Every structure is written in structure tokens, then in C-alpha cells.
Amino acid sequence: MTETLMTVIVVTFGGMMITAAIAVLFVRDLLSAIIITGFVSLSASVMFLLMDAPDVAITEASIGAVLATMIFLWGRGKIGGDG
Amino acid sequence: MIRTLTGLIIVLVLGAVAAAVIPEMQMREELQGVGYSYVSRGMDDTGSSNLVTAVIVAYRGLDTLGEVVVLFCASTAVVLILTLYPIGIKASEPSRVVAFTAKVLPAPILLFGVYFIAHSHISPGGGFPGGTVIASVFLLVMLGSSSVPDGRGRLPAIESLAGLSFGLLGFWGIMTVGQFLNNAFLGTGTPGTIVSGGLIPLISIAIGAKVASEFSGVFKAFRNTGGTV
Amino acid sequence: MSTAFYWSIAGTAAGLVLVGLWGILTRKHILRIALAFTLADTGVNLLLVWSGYLPGRTAPIVDGTISASGITSAVVDPLPQAMVLTSIVIGVAVAALFVVVGVLASRRTGSADVRRMKELRW
Amino acid sequence: MVVALAVFLPLLGAFISVWLSRRKPRLSVIVSRLFLAGGLHSTIVLSIKLNAWSFSDLGNSIILRTGVGAPPLSINLEATGGAVIAAIVVYVAAILGISRLTSRNVKTLPLLLSLVTASLGLLFATDLFNSFVFLEIGSIITIGLTAACRCRRRWEVAVKVALVSGLVTILYLLAIVVIYKTTGELRFEALGMLHGFPALLVSGLMLTVIMTEIKAFPLSGWGLDFYEGASPGFAGVYSATWSLAVLMWSAGILPRLPIPNLQILAWIGAGGLVLGQFAGFRATSPGRMMGYSSAAYASILLILAGTTTGHDYLQLTLVLMIFAAIAKFTVFMLADPENENPLKSAAGNLLLLPILVIAGIPPLPVFWAKFKLLSILAGVSPLMLAAVVLGLFLEAVYLLRLWSKRPVRFLKNGRLVPAVTSLLMAAGAIWLTAGFWRSLSFSGSLLSSSTLRILFMTVFGAGTLLTLPGAWNRIKGERSYWFWMLLSGISLTFLPMAGNGITFYILWEVSAFAAVIAVSRGSRAAAGTFWFAVFAAASGFLLLASIVLSRSMFIAPGIPLILVAIAALFKLGQMGAHLWSVRAYSAAPATMSAFMAGTSSKAAVFLLVVAALGTGAVAMPAGSVLAWAGVLTALSMAVMAALSSDYKKVLAYASVSQMGYILIGLGLASVMGWTAAIYHTFHHFLFKMILFLGAAGVIFRTGTSDYNRLGGLIRRMPLTFTFTLISVIAFAGVPPLAGFGGKWFLYNGLIETGWLPIALIAMFASVVAFLYAFRLLHAVFLGQLSTVNARVKEAPLALLVPQGILTAALMLFSFRPTLFLEHIVPAIESLPGLKGVAPVINGTIVTTPLGNWNAWAVGMMVMGLFGFAFVFYWLSGKRPKHVGQLDIGFAGELPPSAEEVHYAGNFFKPYRRALAFLPRIHAGKVFSGITEVFKIAGDSVRAIFTGDARTYLAHSLIFLVIVLIYLRGGI
């Protein structure tokens, strides 16, 4: 994997993450927002991997992405509604 | 709308003002400060070939103890609040897919989690992700059955024991070499083997058990409908 | 070239922080605010790891490919990674508590809108 | 080892209790207490090892190494002396608060225990990231316990705390990124290694984090809501554990912030103090008041960080923070948890001590720190000093309101907490007072003339002794107040012995607040106490400001002198401050009114004398201001007295009016004027005491002070009447009795100086004085006896004997004024800076430029004439006809109201009409105007706390942006 390729990946990922983050704020449906947040976390975990941080990547994937998303989903189920 | 714009302006101004720091944050070629020392001495000091684990569990074990306490407090608080004000839903009969998954997957996932924990000083992983993975097994089992599993007292007991053993390991360090949470006083073994890194594996197990029992407790509380927990 | 890589990560991370802060300031649904916090948290964590990142090196795990003597020029800084591990766990712990409190608060006030939760003021 | 036990024993307890609390709840509480007790023991051992109790080597420390290796690789916990003392407070609060917190749910135990560990961890932390972890533990526990306690608005509070701590997390981590990236270090020392913009960015971020965490204005919104909405049990424990730890931690970080000029912190603090306390001034909920008070302490911390260093800094922060924490803890623990609005039904009596501690009243511990802080600020910037004094005053006002509006209630249980904390606060007071003892002086050097010193001490001492017996006679609804009156009197008695400003100030404040407490124990006290307390606080703060501004010596000319003059005028009840005096005199227990009007008001005269002497003499312009203030008060208050129809109110107005003459005398700055003032001071003491003690007797027997329900008491209380008659003659200023002497000297002085308009108004005022004196005698003692009072007895001996003694003294000095003057006049002549000629004393004759005054001859002559008239009257044989009070001659017509029927009703109707041309002086309006301005200011400030949690977050971010822009010197 060349550095150029890595840069391209990172720039693409970064752009997507920021777009997704803005989408989290503005998308109507709360469920989508939660899932997009999970996606951002997952992308971050990829970025951690790219920055030579496998421990962090594993933790971010299992805790930051999966667990947090589950908690948010639970919360949404209890509150309901969008906003 | 006005609020959204105002917020945007505040945030953008903040970003613009803080951006002046960029020239001072240039990329480095060499490790600096304590990072260099960790890398150069880490293996000799701790016997852990995973330097991140060496930092987490050995050098800065106090942070990790704090981290354990954070999780402990958060889970205690969540369980406490949800016990006082139960808002769970009655567990419905699980679908067959879920029930099947709940039967098949636990064993491999459990193995995965245990590996994370036991090998934290050799390879990526550690007590926190390992514990979370194990807790997800619990969640899976719970989802696969129609009733809330009756772990009355058992989860807190594991939690207590795990926490106590972490704490007592800390005091052991103080009593032997006068340094709280020191884990290298028994010798550090050969880096790269499973029995190495001093007490790191033991501490990882304690952390893993604690994290697993805490998250399991939280999952259970999420499903609590007002019965006794 | 690696400079571009380096700074694009920082840019992404800083962007996430700012978007997160923006969301915290402007969203009104309590869970959405929690999501915004998670975004900002993710951004900060990226920044932390980034602060210890040295391009062209490997993860701070010693295996057969790294000689003990040349290790200081072979791996990235482990400390920020250790801090981020802590920070991720703390983040999720706070998020869980926040969600639970938020859920109960919105069930009490009948709405998940934080603007409705200002009985206490002045 | 000991440090590890101190920090981590509670954590082990928490780990155990999470399991035990489910199995054996009671046992788990006991076990937790044991763990806490063990930890407390360890901290005490530490404090002894560190010799922390001397408060002098607070920087000493014992280090606990953790992990592997040594810093900067690993993390140390450093138990410094100051942190250890704070840790002891944390433990004590946790042990005392445990039963309150677990009374509903034992499962909160692990959280409480972890909170102790987190607090100690933060107190001992030496590493930035480590502090972050502890901060997070604390926030999580705060959220959890807020939500778990039973209080109606817990969810709202929990959400707000969670949001704010989330933001703090992000900002703090950003700071850590910058710090680590640029220095490669995480210890506190790393802050000092920063340069250039990273240093400024980190400073801005850390400052925002700290100010949000310690709830400093304007980032205090969430804290206010927290204190108002959280359950008092948890709020109390929080304030003495976590909040204390965060404050002490911040105190460690703030001076390390890498900004070029740390003094900016002090300005942020001072500005926040004033604005925040303006907002607090408007708070209505007790919990919120406590929140504003903690914002005040946070601001003070910033001020300290910006102006003090080294040992002073450690000591001041420690003393301020721990005692405020203990006091706040006590206040919250006194709240009644069963009540819907718990703090509003707090135990009223026990609330006083913690509130006085927080307000910083001497000699309570916080005072010493505040005094030292103000002394330091006087050298930094007078503007900052003014801001801080104003802020502290506003804080005192709402704290006093909190106390004075409390209904009296006692806790059914839980006396242990106030007992222990009161003990701690008292011990602190004694400890610190002992520490500062060397700075006190009782050489009496403030007033060089020993004669005058003895005179004032006699007045204060005799006044206290003569009123004390009367304090045992209480009417229904009054609570025991003799102790407070005695305390007030004792401090007054020592006042002339004060050798420097601070000693004077302490005695002054103790006396004033003891009087406040005594007044508050009257049956109708609610209305009067608050304003009395406010003016006492105001005069106290003015005095304090002038003392610190003058530096060591008592009073310097210029602003300090003006402040002292205003303080004294407030105390005298002059210039509109009669607002408090009239209310307080009429609300206080009757004997207490006598003490205040007759005795403690002379303290202000003493202050003015001292102040005038300290600056050579009152300068001419200031003197004429004083004189005009005096004469206008004399007139307006005399009019008010004439028109009032309440016994005690009349006396109150009369007192204030008489004080006006003293002011004129002092304002003259001549020997004659001062002779008049001192003479009048002494004689006013005599006759006002007689009058008020007489009034106390009447009120004690009849239960009322309303003219319309009195009358004809001459036959039931002949002795009281006699004494009252004598003193009325005396203070009306008619020869032969003593009141005349004062006026004689006064007119001499006025004519000598050429202040004729003042002389004319003063003369007119004394005519009015005659009117109200006349009315008083009539309304109370003459006329028809009310049927209600048909059986009242003569006043008790405890009141009569002092009146008799005072009357004897009055008669003696009336007929032989030279006995008094031959000591006083030389003393006044010897004072520096007074102009004009002195009266010459020759035997019984006093000679002034206007003529001779032979009191003995005049007295004899008047007595002779009086006797002649009496004999003539007796021989004429005309006797008054006895008419019952309700025996009315109206023909079949019902009188409209009692006032129309009563002899004394609308007594001065003709004069009221005649005096209508006089401008109605409503000085009260000036103060209500000021209050109104304060209210508007407060409302506009506190409008920023909208209650929307996101606004609070915006405050923090906007503050951060502004600080960064400021530090960068522009965008």
C-alpha cells in the first residue's frame, strides 16, 4: 500500500466522516442518525488502524462502535420520536 | 435556525482562533518526551511486548484503575437508576434466528474475548475490549431466551471480586516494592510468551472479568421491568 | 506525501470535534445531543492518537520484525494510544449514563426536547 | 503506604459494597463506615506526619509512587499538607453524610465510597491525564447520585450536569492533545514547558475547564441549577467532597497556567464576583443562594490565583475552601428531607453559624482569609478591592436573607451532623484567631486620650451591665437573648482598647452581629432583623475596606476616611439608615432596644472620634457635610418622632434625631463642638437608657407599645413615670437638667464658627423634640387609664433599679456638670487639631464666650420655682375629674375609630398641618431606590442563566473564544 493510496483513503474517509457527522445533526430520522454515528465510529476505528494503533482500533470497534450504538438504540426505543 | 447559525458561528470562530496552533504541531520524525522512554525501556521494565499494554497496565496503572472505577461507577449508577425507575420491556419470545444465533455464537465469541484478555501483553487487545466481547455473549444469551437470566447476586459478586483483586494487587505492589500497582516485582518473564509481563495478565483478567460483569449488569438493567435485580 | 496523510487525519478529527460541538450547541433532542457528544469524542480520540503518530512506523508491539536496539525508530508513541483506550471507555460509560438519564428525564417531562427541561433557571 | 490506604481504602469498600449491599444492606453500611474510618485514620496520620495543622508548611508532601518506574513514566500521587487537610474534610463529610444518602437506598453506597476515592485522587493528583480520569469519575458519580436521590427535579439536573461534564471532557482532552504533542509530558510541570500559541491555547482551554468545573461566574449556570434542584443530602455531601476536591485541584493548576500575566485571572474573578453576586442578590430559592455563594468562592479562588503566590496562596485557598465546604455541608444537612422544599424548612437556629462562616464574619475562620485577601488586594488595585468588597457584601446580604427568613424548626433527628461541623468551625475559628493573635493589639492606641477611652468604656460597660438584668424579663414570643446582648456588650466594652484597625473591626463586627442575633429573637423580629443585618454588614465591609486601604495604621485621609464616616453614619442610623435602626429598635426585644439605642449606638460616635483624630481632625468641607447631615437628621427624625404613635418607634426616631446633634458637634471640629458632642454622648446614654428601660417596663407589663392602647399609667407605674419624666426633661434640652448643657455648648460652637443656619435649624429641631417628648408623657402615662391596663403592676425591679441608678447619675451630672466637664474638657483640649476656645471651668461655673452657665444655681432656682408652682396648685384645691377612657360625651354618636376617642389620638393634628411645608424626607426611598437598581442589575445579569443546558455550554465556548482572542491579542 503506497502512501498515496493511504492518503487517498484517508481523505475519502475523512470527507465521508465529516459529511456523515453533519448528517447526524440534520437527518430527520433518529434511527438513521444513530446508525450513521456508528458508521463514523467504525471509520474512526479504521483510521486508528491506519495510524498504527491496533489496540485502539479493536477497542473503538467493539466499544465505541458496537456497544455505544446498542446503547443509543436502546435509548431510542425508550424515548421514540425524532428530532 | 438562528440558533443553528449562531452555534455554527461560535464553533467556526473557535476553530479559526485555535487554528493558530497548527504551525506548532508539525509532524515529528522522532519520538519525543516520555514516548521515547516508554519505547526504549518498556520491554525491559515490564516484560510486555505490547507496549500499549505496558503503558496502560504497568506504567500508568493508576489511570487504568481510574478507568475501571469510571466504568464501575457508570454501571452501578445505570443499574441503580434503572432499578429505582424500571422502564424495561417484557422480553418477548425470541425469533428463531436469534435463538439459533444465541445458541451457536456464544462459544466462539467467548473464546475470542478470553483471547483478547489473556494475550493483552503480547498482541492487541486487553481487558476492556475483551470484557466487552464477553459481555456481548451474555447479551446474546439474554436475547436468546424469553426471560431475564437469573444472575441474582452472581454478577455483583464477580464484579466485587474482580475489583477487589485489582485493588489488592495494587496493595501487593506497595507491600513488596513500595509502589502502588507495581506489577513487575515478581520478575517479568520472557517477553512474547504467555507467562510474561509480571502481573499484567492477572490484572488483565481482573479487568476483563470486571468489565464483562459490569456490562452484563447494565444489559440486564436495560431489560429490567421492575422485578428484583 | 505523508504530510498530506498526516494533516488530513488531523483535519478530519478537528472537523469532527467542531461538528460535534456545533451539534451540542444547537440540537434539541436529547439523544441527538448525546450523538453529537459521541462525534466530538471520536474526533478528540483521533486527535490524541494523531498526536503520537509518526508516519512510516509500526504499531508499538514488539514482535520478531523489530530489533530491540532499533525499536525507538521503529514504532509509534504508545502513550497516546493508551490514553485513547481509557478515553474511549470513559466516553462510552458517560454516554450510557447520559442516555439512561436522558431517557428517564424525557419520560418525566413528556418530551425529549432539552428546551422543556428548564424549570430551574436564573 | 499510608497515602495508598487513604486514597484506595474507600474504593475497596466500594467494590465490596456493590455485592454486599444486595445481600446484607445493614452490614454493608457498617462495613463502608469501617472502610471510611480506616481511610480517615490514614489521612489523620498523614496530616500529623506532614505537620499540616500548623498551616505553615502546607507545601510539604508525602509521595505515593504507582505503577512501574518513576515519573514522568509513571504517575505519582502527592499528598501535600493542604490536600491532606482537605482530604480529612472529605472523609468527615462522607462519614457524616452516609446515613442521609443511604437512608432511601443502600445501593448508593458504592458511588459514595468511590466519590471519596475520586476526591482524594484528584486532591493528590500530579498528572494531567490522571486528573482527567478522576474528574470523570466525579462527574459520573455526580450524575448518578443526583438521579438516584429523591428530589422532584433530579432528572433535569442530571441532564444538565451530564451535558456540561461532557463538554468539559472534550475541552480537557483537546488541551491534553496540545500539551502532549508539544511537550511530550503529562505531569503538571508540562504546563510550564509550553511556549507560544500552544501555551495560550492550553491556558484558554484549561481556564474554561476549570471555571466550568468550579462553577465560577459566568460559567456557573449548571452549578446553580444543581444546588437548587439536587436533593440537599447529596448537594451537601457533594459540596464538601467533590466540589472541595475540584476547587483544591484547580487551585493547584491555576498558578501554573502558562499565560504572561496571571493577574488577568484576578480580574476575571473580581468581575465575576460582582456580577455573579448581583445575580445572587435576586435569588429566591435557598439552594440557589448556596449555588451563588459557591460561585463567589470560585471567583475568589481566581482572584487568589491572580494576586497571591507561594505560602499565602496555599494557606488562603485552603482556609477559604475547607471552611466554606464544611459550612455549606452543614447548611444542606440541616434541610428537612421530608419537606417538599427541603432547604426552605431548614432548622433555623442551627443555620446561623454556617451562614456566618460562609459570609466571613469575624472571628470565624473564613474571615481571616478574606481579610488577608483584601489586604493583599489593597496593594494590587483599589478598583479590584472595591469590586471584591461589593461582591462579598452582596453575598452576605442574600445569605443573611436566607437565614432571617427561615422559620424556626428543629430537626427531629440528625443533630450529630451540625454538632460535629459546628465543632469543626469553632475549632477553626479558635485556631486561626490564635494564629493571627499577634496581629491583634489591645493597647488602646487608636484613641490617645485615656480620659475619653475610659469614658467610652464606662458607657459601654455600664450600659451592658444595666440592661442585662432586664433581659431576663421576656414577653411572650421572645426567645432568650441575654447571651447575645452580653456578647455584644463585652465586645463593645473592649472596643476603646483596640490598638489597631483589625482589632477594632473584629470587636465591632462581633458586637454588631451578636446584636443582630439578639434582635432576631424578638417576637416581631422578622421585619427588622434583615435590614439591621444588611446595614451591619454594609458598615462592616466599609470599615474593612477602609482598614485595608489605610494599611496598618488605622485611618488614612481621603477615601478610607469617607468610608469610615459612611460606616459610622450607617451604624448611627443617620442619613436614611434610620431604615434599619427604627425597624430594629421597634422589632427588638424591649431591653435590647434600650441597649442598642443607649449603648451600642455610641460605638459609632467612638468610631467617628477615632477617625477624625486619625486624620488630624475633620477637614472643613467634610466637617460641614457632617454637620449638615446631622442637623437635617435631627430635624427630620424629630418630626417623624412627633408624628409616630408607637412608643418604641418614637424613642427610636428620637434616638436617631439626638445622634444628629452629636454629628453637628463633631463636624464643628472645634473644642466647643467636641465638648458638646462628648457631653451629649454621655448624657444621651443616660437618658435614653432610662427612657427605653422605662418603655421596656411598660411593654413588659402591658404587652403593647401602641400609644392608642396605653395611657394613664402614672397611677399604675409611678416610679417608671418619675424616671421617664426626668429623662424626658433632660433630653428635651430644657434647663436645669443635663440635656441643656449639650445644646448650650453646641450653640456656642455653632455661633463661634458662624454656622448660623445650622444653629437655627437645630434650635427648631429641639422645639420639635419638646413636642414629641411631651406627647410621649401624655400618651403613655397621663390621660385615662385603659381598662385593659387597669391591673398592670409597676415594672419589675430588674428594670427599675437600673433606671434608678441612671436617674441618680443623671441628676448628679445635671446639677454638677463640672464633675464631668473638668475631666473631659482638658482631654478634648489636648486632642490635636481642634480649633477654637475651650469652655473655662471655675468651681461650679462654666464660662463660654457667650456667658456663664452655673448649673447648680440654675437648678436650684428652677427647683424653687417648681416647688412654688406645685404648692400654689395644691392650695388652689382644683382636682381633675376622673373620666374613664370609654366615657365619652358624644351625644348618641358612635366614634369612628379608637384613635378619635383616645386622648392621645392624632395628638399633633395642628402641628401636622403646620409642618406640612417641610419637605417630607423619605430617606427610605433612597435605599429602596438603590435596592431597586440592584434588583434590576441582578435580573439583567441572571437572565443569562436561561435554564437551557445548551446555553450553559454556549457560555463555556463563548468564554473560551473570548479568552483565546484576548490572549492572542486580537483575532
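## Overall form of chain D

Two residues are taken to be in contact if their C-beta atoms, placed from the backbone, lie within 7 Å. In this predicted model, among the contacts of chain D that link residues at least 6 apart in sequence, 79% join residues at least 24 apart.

Chain D is built with 38 helices and five strands. Its radius of gyration is 32 Å, close to the 30 Å given by the globule rule for 971 residues, so chain D is as compact as a globular protein of that length. Taken along the principal axes, the box filled by the C-alpha atoms of chain D is roughly 110 × 65 × 50 Å, and buried residues account for 65% of the 971 residues in the chain.

## Helix H32 of chain D

Helix H32 of chain D covers residues 797–815, and because 19 residues at 1.5 Å a residue should span 27 Å, the 26 Å between its end C-alpha atoms agrees with expectation. The buried residues of H32(D) include D:Leu799, D:Leu800, D:Leu806, D:Leu810, D:Phe813 and D:Phe815, together with D:Gln803 and D:Thr807. Among the elements that cover these buried residues are helix H18 (450–467), helix H28 (671–702) and helix H34 (855–876) of chain D.

## Where chain C meets chain D

Between the two chains, 35 residues of chain C are in contact with 37 residues of chain D. On the side of chain C that touches chain D, helix H1 (2–26), helix H2 (30–51) and helix H3 (78–109) of chain C each supply at least two residues, and the largest share, 14 residues, comes from H3(C). By class, this side of chain C has 25 nonpolar, four polar and six charged residues.

Note on methods: Residues numbered from 1 in each chain as written. Chains lettered and ligands numbered in written order. Predicted model: local features only at pLDDT ≥ 70, side-chain atom pairs only at ≥ 80, totals over all residues. Helix = DSSP H or I, 4+ residues; strand = E, 2+ residues; numbered from the N terminus. Nonpolar A, V, L, I, M, F, W, Y, C, P; charged D, E, K, R; others polar. Expected span 1.5 Å × (residues − 1). Buried ≥ 20, exposed ≤ 12 C-beta atoms within 10 Å, placed from the backbone. Rg over C-alpha atoms; globule rule 2.2 N^0.38 Å.
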